[in-house]
Amino acid sequence: MKTAAARGLLWAWLLAAPAAAHEQPMAYIGIEAAGANTLQVLTKDARRGERTLPPLQLSLRPACVQRGQAEVTVTEEALIRRWQLQCSAAMEAHRLHIDGLNSVRPEALVHIRAGAASRYQRATRDAPEVALTPTDRNATPSVATYFLLGIEHILAGPDHLLFVLGLVLVLWRAGRGVGAWIGTVTAFTLAHSITLSLATLGALRLPPAPVEAVIALSILLLAVELARAGPPEPGREAPPSWTFRFPWAVAFGFGLLHGFGFAGALADIGLPPAAEAWALASFNLGVEAGQLLFIAALLLLRALGRWLPTAPTAQLATHALGGIACYWLLVRVTTLGAA
């Protein structure tokens, strides 16, 4: 038992450092043709509590001249800047280069628009240049873009995946079958879909710092319940707690809070004009697709007999889960107190 705990703490230490942040923020850049050789530019750089990331620096080839001063707006989630450029040629003749993409903020979503023509393209630190050529279609191509963003968000969001892992361990410890897996994950999906939609559309919002702290607490709760239950032994049943009797209810309750966490990614970049519903649905479906990929991987490991059937592996996962959750909770509560 002591050996398992020590290994769990070691894994927690190794995993917590690179995964301490809830997510990597994404910048948004909107460029719209606003007249003869005139461009309207909008940038949205994410804020994390009291910390504002340095604004991205944009340059165009051929060069354009800025008209007047940039209009700056600071919100709880972002630093927003708007300005106009006077260029020597039409928008499609230009290429945009973005400086400032790095390991903290590795990519930006660029929206290029000229009348009804619109295009979305992602710029990364490895490919920071974008051609300012809109397509002949309207904003609905953003469906695929936001779907991929949803997949990446869930797969790059370790706290959400660790909560799902904790649910899977609870279901295994309680002796539940695949049907219970599906029902519990469906409850989690339904819950975070509700609050993701409400938060993104502005109907209901919570401050991000307390939400992230409670998300860490939700993982810690599952780890504590698993540690109290201990490994499965012949004749030893799981404790009669709510977590083991009604895992779907626990998944739904905390899923409501996780939905506010998912909404943080969309708060960074916003929803595209005239396609809000499509983009929101696509992002939500992308989150579910990424979650199902994770569940499928766990089921595959279980089918191969290389994971869940062994008690020592489950104990190791439980200790690692608890150690990482404790670390996140301390960091996020400390940040909350300093805000």
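A disulfide is taken here as a pair of cysteine sulfur atoms within 2.5 Å. The structure, a predicted model, holds 1 disulfide. Cys64 and Cys87 form this bond, with their sulfur atoms 2.1 Å apart. The torsion about the S-S bond of Cys64 and Cys87 is about 110°, so the disulfide is right-handed. Cys64 lies in the loop between β4 (57–61) and β5 (65–74), and Cys87 in the loop between β6 (78–86) and β7 (95–99), so the pair ties together parts that are 23 residues apart in sequence. Both Cys64 and Cys87 are buried. Buried means under 20% relative accessible area, exposed over 50%, and partly exposed in between (1.4 Å probe, protein chains only). Cys326 counts as partly exposed, at 36% relative accessibility.

Residues are numbered from 1 along each chain as its sequence is written. Local features need pLDDT of at least 70, side-chain atom pairs count only at pLDDT 80 or more, totals for chains, interfaces and linings use all residues, and side-chain values use heavy atoms, with hydrogens and water left out.

The protein chain has 9 helices and 10 strands. Helices (H or I, at least four residues) and strands (E, at least two) are DSSP runs, numbered from the N terminus. Of the 339 residues of the chain, 46% count as buried. The accessible surface of the chain comes to about 15900 Å² (Shrake-Rupley method, 1.4 Å probe). Carbon and sulfur atoms account for 64% of this surface. Among contacts in the chain with a separation of 6 or more, 74% join residues 24 or more positions apart. Contact means heavy atoms within 4.5 Å.

Helices α3 (residues 158–173) and α4 (residues 178–200) have axes that come within 10 Å and cross at roughly 150°. Axes are lines fitted to C-alpha atoms, for helices over the stretch in contact, and angles run from 0 to 180 degrees between N-to-C directions. The crossing of α3 and α4 is right-handed, the near helix being turned clockwise from the far one by less than a right angle. Helix α3 contributes Phe163, Val164, Leu167, Val168 and Leu171 to the contact. Helix α4 contributes Ala180, Trp181, Thr184 and Phe188. By class, this contact has 8 nonpolar, 1 polar and no charged residues.

His258 is placed in helix α7 (residues 247–269). This histidine is buried, with a relative accessible area of 0%. Not counting residues up to four places away in sequence, His258 touches Asp159, His160, Phe163, Phe188, His192, Ile215 and Ser218. Phe163 of α3 and Phe188 of α4 also take part in the contact between those two helices.

Terms used
Ala, Val, Leu, Ile, Met, Phe, Trp, Tyr, Cys and Pro count as nonpolar, Asp, Glu, Lys and Arg as charged, and the others, Gly among them, as polar.
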